[in-house]
Amino acid sequence: MTPNDEPGAVVGDAALANAALRLDTGWTIRWIRRCAEVLAANRATLNTLDRDIGDGDHGENMDRGFQAILPKLEELTDETTPGAVLKLVATTLISTVGGAAGPLYGTAFLKAAGAVGAAQSLDATALVALLTAARDGIVLRGKAVEGDKTMIDAWTPAVNAASAAHTAGSPVGTVLLAAADAAEHGAQATEPLVARKGRASYLGERAIGHRDPGSQSTSLLLRAAADLMSQR
Amino acid sequence: MKKLINDPKNVVNEAVAGFEVAHADIVRVSHDPLFLVRADAPLRGKVGIVSGGGSGHEPLHGGFVGFGMLDAAVPGPVFTSPTPDPILAATQAVDGGAGVLHIVKNYTGDVLNFETAADLAAADGIQVRTVIVNDDVAVKDSLYTAGRRGVAGTVLVEKIAGAAAERGDDLDAVAGVAEKVNSRVRTMGVALTPCVVPHAGEPSFTLADDEIEIGIGIHGEPGRERIKLEPANAIVDRLLGPILEDLPFASGDEALLLVNGMGGTPQIELYIVFRRAAEVLQERGITVTRSLVGNYTTSLEMAGASISVLKLDDELTALWDAPVQTSALRWGR
């Protein structure tokens with residue numbers, strides 16, 4: 001039995017992993033692979049959420065988009081940067097997802113890629129910039145504000161939480177976890193809302209009690225990033 | 001649910017392949033990226049008109065490609081907007097140097113994908129104008145929704161703008177005609193049954209045997225309210241009321257009346273709807289001088305119908321009467 005197997009060491013391990021966490025190109029690729037896994041596993045659930053207040057294909061479309069990215073990740077060279085990976089994700093989503101989610105997520109990843117530039121590895125400042133740019137890109141395209149019952153209801157709390165954690169001096173892993181937790185709460189918080197954007201907006205009060213599928217897929221993408229920490 | 005399909009994954013591709021063979025005299029098909037163009041495209045000096053959107057609304061839009069109407073149609077997956085690349089490719093394929101008009105139904109996905117494609121086309125040096133069709137009066141408050149949807153009135157916009165392009169109007173003029181039609185047409189629909197998206201395999205919503213949905217969109221999304229089934233005349237009155245209130249029609253006006261089937265309602269019922277609608281318009285002093293009855297903007301096998309009223313003037317009437325040769329509309333040529 002090694003000292004690391006002692007129960008008391010678990011927290012210390014996580015802290016150590018957090019401190020050593022480097023959001024480099026390898027990490028970015030692992031994150032996108034994990035997103036593809038998670039979306040495939042949640043395909044039916046997202047379709048069901050979308051059927052309740054939309055047209056029932058959000059899981060289908062997101063799964064198709066992220067599956068299309070996987071073979072392209074194999075073709076990346078060693079010199080690739082996190083920004084280049086994000087840009088590849090953006091162009092693939094724009095050309096494969098369709099619906100509203102394609103241009104919205106595509107723009108998010110495109111703006112995120114722009115925000116991190118040519119950096120080889122992302123620190124907490126870069127991570128906050130990435131999340132903020134992604135959210136701003138979605139607002140630019142979709143023109144939704146918080147409370148409209150859209151994916152912005154997951155993105156904006158995530159950006160705010162990440163920013164607060166960074167300001168408090170937290171390491172990058174903690175910033176990521178704060179974003180994922182906030183997105184998850186934000187997605188839950190769309191349930192009692194009336195929608196003001198997208199197809200659900202035509203339902204009026206009948207949308208109440210249903211979670212917005214876009215906010216749920218956003219939560220899944222950010223959770224996938226946070227999950228990588230515990231996998232290390 | 002029984003459907004005449006082979007595999008849900010191949011529904012759109014196989015349907016377009018069949019269309020290509022059936023109407024080879026009118027259209028050419030690009031399979032990857034997927035779009036349909038007029039057999040004689042691009043036409044030098046003529047404004048190109050491109051429309052598109054999710055499949056499942058046939059004959060919209062492929063059935064309206066041809067002389068006097070659309071230059072290209074871009075079909076997406078069933079009820080899902082096409083992505084920007086086929087829209088861009090279609091735009092390039094019909095650009096004859098006079099610019100391209102995009103006619104887009106006001107659904108969030110369609111608007112965002114066409115907007116992205118228009119940006120890319122502009123970067124490619126093609127002049128693009130976009131007209132968003134939003135004729136659906138069932139959506140009450142545009143301030144708190146994604147706005148009024150583009151439904152069956154789209155057919156009238158495409159026909160009339162197509163005629164303007166065919167007679168040689170420039171891009172701004174063609175866009176102006178399209179805007180004019182959109183501003184003068186109002187639509188409202190009813191569903192008697194839901195529809196089943198092939199890859200989903202189950203209805204997108206449920207209606208009891210004695211229930212109907214008033215104010216339905218064209219993707220099986222629920223509408224304004226759910227009520228008990230009524231006689232056709234009462235339903236027509238419910239649909240026409242908001243249409244006539246919304247666009248101030250006056251006694252002496254001339255109108256085009258479109259009774260559109262949603263896919264699963266027989267012609268015999270559509271004419272019962274038309275009879276009552278024409279009667280109500282007559283009572284208001286509005287003369288129906290042009291009419292169209294049939295399945296033009298469908299929602300797969302949904303039973304139901306929509307009523308569109310377009311306020312005509314001499315210009316719009318002449319453009320409506322101009323020759324058209326597409327698989328779904330054909331006259332004068």
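## Helix packing in chain A

The crossing of α7(A) and α8(A) is left-handed, in what is a predicted model. Helix α7 of chain A covers residues 124–142 and helix α8 of chain A covers residues 152–167, and the two pack at an angle of about 160 degrees with their axes 9 Å apart. Angles over 145 degrees count as roughly antiparallel, and α7(A) and α8(A) are therefore roughly antiparallel to each other.

On the α7(A) side, the contact is made by A124(A), T125(A), L127(A), V128(A), L131(A), T132(A), A134(A), R135(A), I138(A) and V139(A). Facing them from α8(A) are I152(A), W155(A), T156(A), A158(A), V159(A), A162(A), S163(A) and H166(A). By class, the residues of this contact of α7(A) with α8(A) comprise twelve nonpolar, five polar and one charged.

## Contact between the chains

Chain A contributes 26 residues to the contact, and chain B contributes 27 residues. On the side of chain A that touches chain B, at least two residues each are supplied by α3 (43–53), α4 (58–74), α5 (82–96) and α6 (101–116) of chain A. The residues on that side of chain A divide into seven nonpolar, ten polar and nine charged.

## The sheet of chain B

Chain B holds an open sheet of six strands, with mixed pairing and the order β1-β2-β4-β3-β5-β6. Its edge strands are β1 (27–31) and β6 (128–133) of chain B, each of which pairs on one side only, and from one strand to the next the twist averages 20 degrees. Strands of a sheet pair through backbone hydrogen bonds, either parallel or antiparallel. In the case of β1(B) and β2(B), the latter being residues 34–38, the strands run antiparallel and are joined by five bridges, with R28(B) standing opposite V37(B) in β2(B).

Two helices of chain B pack on this sheet. Helix α1 (residues 11–22) of chain B touches β1, β2, β3 (48–55) and β4 (72–78) of chain B, and its direction makes about 150 degrees with that of β4(B). Helix α4 (residues 153–166) of chain B touches β3, β5 (100–105) and β6 of chain B, and its direction makes about 170 degrees with that of β5(B).

## Helix α4 of chain B against α8

Besides packing on the sheet, α4(B) packs with helix α8 (residues 314–321) of chain B at an angle of about 85 degrees, the axes lying 8 Å apart. Since angles of 65 to 115 degrees count as roughly perpendicular, that makes α4(B) roughly perpendicular to α8(B).

The contact draws on K159(B), I160(B), A163(B) and A164(B) of α4(B), together with L316(B), L319(B) and W320(B) of α8(B). Its residues divide into six nonpolar, no polar and one charged.

## Domains of chain B

The domain assignment of chain B gives domain 1 (11–184) and domain 2 (187–320), and the centres of these domains of chain B, taken over C-alpha atoms, are separated by 22 Å. In the contact between them, 27 residues of domain 1 of chain B meet 31 residues of domain 2 of chain B.

On the side of domain 1 of chain B that touches domain 2 of chain B, α4 and α5 (171–184) of chain B each supply at least two residues, and α4(B) gives the most, with eight residues. That side of domain 1 of chain B has 16 nonpolar, five polar and six charged residues.

Definitions and conventions:
Residues numbered from 1 in each chain as written. Chains lettered and ligands numbered in written order. Predicted model: local features only at pLDDT ≥ 70, side-chain atom pairs only at ≥ 80, totals over all residues. Pairing = 2+ DSSP bridges. Helix = DSSP H or I, 4+ residues; strand = E, 2+ residues; numbered from the N terminus. Axes fitted to C-alpha atoms, helices over the stretch in contact; angles between N-to-C directions. Contact = placed C-beta atoms within 7 Å. Parallel < 35°, antiparallel > 145°, perpendicular 65-115°, else oblique. Nonpolar A, V, L, I, M, F, W, Y, C, P; charged D, E, K, R; others polar. Domains from an automatic or database assignment. Left-handed = near helix turned anticlockwise from the far one by under 90°.
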